[in-house]
Amino acid sequence: SSRALCSMDEAMDEKMKQGFSSLLSDAVKNIGIQCRTVSSRGELASCPEGLAVTSCSCGSACGSWDVREGTICHCQCAGIDWTAARCCTLGVGA
Amino acid sequence: SSRALCSMDEAMDEKMKQGFSSLLSDAVKNIGIQCRTVSSRGELASCPEGLAVTSCSCGSACGSWDVREGTICHCQCAGIDWTAARCCTLGVGA
Amino acid sequence: SSRALCSMDEAMDEKMKQGFSSLLSDAVKNIGIQCRTVSSRGELASCPEGLAVTSCSCGSACGSWDVREGTICHCQCAGIDWTAARCCTLGVGA
């Protein structure tokens, strides 16, 4: 009957919500932040597509930098010899 | 019968586990780390609520900084003209 | 019959996909990036296992650093008095 189908639907919804919570908690434990460093000569360094720039490091002891177009580290001091981008993404089974 | 319900429960649990794994792998591909920079004059810069400070950048070439109260970048050198916070969060469909 | 089971399977698959999407969107809102700073004397500072190094900060105003073995901040300037690692991970219910 329609009533029976409806109850089945509700039962499945309830079951999915319960199952999802515990499965998600387990899953998040397996998802980690994974970072790597990309270095280049000069004042610019780019992260590969899909990775986020979380920070930049600069040669010449310089701590002044900005991020261009979301993915490019730019070190601002004059005569920078190298620039490094710290690039991070999510990974399953970290 | 109670036995039948039990089997149905087990079948659904099993099915959810299988489905969840493949759906989660797909979903993680669509979840990305999204970062933006917030700059301010002076020696402090704050990330908006809900975003994490992954790094700070300082004027005057300064590379010495700390994070106050979890969300505020503080550049430590004397006479800092600007401070920038790199602020990141998770986003679906990055 | 086999046909009936098959339809039930398909119905459950469809239902799980629908449910998963909405549950995942809700869940992602509850997953956040959580960061803390670990400071040490000298030129090295390490993140605890399971946390990613998103950046390093250095004493002596130094902005030149690299990450060793994935988890250790190394400040490169001579005579560094302190080093700090910015360490991040995912957390549910941020």
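Cys62(B) and Cys77(B) form a disulfide, with their sulfur atoms 2.0 Å apart; a disulfide is taken as a pair of cysteine sulfur atoms within 2.5 Å. A disulfide is a covalent bond between the sulfur atoms of two cysteines. The model is predicted: local features need pLDDT of at least 70, side-chain atom pairs count only at pLDDT 80 or more, and totals for chains, interfaces and linings use all residues. Residues are numbered from 1 along each chain as its sequence is written, chains are lettered from A and ligands numbered from 1 in the order in which they are written, and side-chain values use heavy atoms, with hydrogens and water left out.

The torsion about the S-S bond of Cys62(B) and Cys77(B) is about 75 degrees, so this disulfide is right-handed. The pair links distant parts of the chain, 15 residues apart: Cys62(B) lies in the loop between β3 and β4 (65-68) of chain B, and Cys77(B) in the loop between β5 and β6 (82-92) of chain B. Strands (E, at least two residues) and helices (H or I, at least four) are DSSP runs, numbered from the N terminus. Cys62(B) is buried at a relative accessible area of 1%, and Cys77(B) is buried at 19%; buried means under 20% relative accessible area, exposed over 50%, and partly exposed in between (1.4 Å probe, protein chains only).

A disulfide also joins Cys56(B) to Cys73(B), with an S to S distance of 2.0 Å. Its torsion is about -85 degrees, so the bond is left-handed. Cys56(B) belongs to strand β3 (residues 52-58) of chain B and Cys73(B) to strand β5 (residues 72-75) of chain B, so the pair ties together parts 17 residues apart in sequence. Over all chains, the structure holds 15 disulfides.

Between chain C and chain A, the contact (heavy atoms within 4.5 Å) takes 28 residues from chain C and 27 residues from chain A. The two chains bury about 2000 Å² between them, 73% of it on carbon and sulfur atoms; buried area is the accessible area (1.4 Å probe) that two parts lose on being put together, summed over both. In chain C, Lys15(C), Leu23(C) and Leu90(C) lose the most area to chain A, together 29% of what that side buries.
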